[in-house]
Amino acid sequence: MTELDELYQELIMDHNRNPRNFGKLQNPNREADGHNPFCGDTITLHLKLDESRVIEVGFQSAGCAISKASASMMTEAIKDKPENEINKIFDAFHKMLTNNSNDSLDSNDELGDLAVMSGVSQFPTRVKCATLSWHALRAALSDDKETVKTE
Ligand code: ZN
């Protein structure tokens, strides 16, 4: 394991231990539930949207460290961002995790801390853990009431 990998792992463990924006929002106007049956991860995501901008976000989750850390990082990445920008981040994140090459690393600038999740792409079953919160986010933004599955 390289030093960089260790740094990344520390960041993931830190988000897992101290998840940011953890908890319910008082008056969310959007919410979605997600479930990853492969690992048993669940998430409930609350959003407060103003026009199409996320002004508040909160989540509750149960599951593995990767799913919780990824959700925590996601909430930091999307807060105060408009929906069109969030969609761009989602696309870049999804591409990073499903694309096994490292040649797109310089396009990860917009991902910030989320780039630490790139190592997960080597473990296809863990990709579902890392993307669960994002699928829940998409459902919340599109006001989809059904529980999202990572299928
Ligand atoms: Zn998991």
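Which residue follows α2 with a positive phi? I looked it up in this predicted model. Asp80 comes after α2, and its phi is near 65 degrees.

**Entry: helix α2**

I checked the length next. Helix α2 covers residues 65-78, which makes 14 residues. At 1.5 Å a residue they should span 20 Å, and the end C-alpha atoms are 20 Å apart, so the two values agree.

Then I asked how covered α2 is. I found 12 of its 14 residues buried. The buried residues include Ile66, Met73, Met74 and Ile78.

**Entry: the largest nonpolar core**

I turned to the largest nonpolar core, which has 41 residues. Those touching the most other members are Leu45, Leu47, Ile78, Phe93, Met117, Trp134 and Leu137. I noted that β2 (41-50), β3 (53-62), α2, α3 (83-98) and α4 (124-141) each supply at least two residues. The most come from α4, which gives 10.

Leaving out residues up to four places away in sequence, Trp134 touches Ser70, Met74, Ile78, Ile86, Ile89, Phe90, Phe93 and Leu114.

**Entry: Thr150**

Last, I went to the segment after β4 (148-149), where Thr150 lies. Is Thr150 buried or exposed? Its relative accessibility is 8%, and buried means under 20%, so Thr150 counts as buried.

I looked for a polar partner. The side chains of Thr150 and Asn36 are joined by a polar contact of 2.8 Å. Beyond four places in sequence, Thr150 touches His35, Asn36, Pro37, Phe38, Lys128 and Leu132.

Terms used:
Residues numbered from 1 in each chain as written. Predicted model: local features only at pLDDT ≥ 70, side-chain atom pairs only at ≥ 80, totals over all residues. Heavy atoms only, no water. Helix = DSSP H or I, 4+ residues; strand = E, 2+ residues; numbered from the N terminus. Expected span 1.5 Å × (residues − 1). Buried < 20%, exposed > 50% of the residue type's maximum accessible area, 1.4 Å probe, protein only. Core = buried A, V, L, I, M, F, W, Y, C linked by side-chain atoms within 4.5 Å. Contact = heavy atoms within 4.5 Å. Polar contact = N/O pair within 3.5 Å; in protein donor to acceptor, adjacent residues only side chain to side chain.
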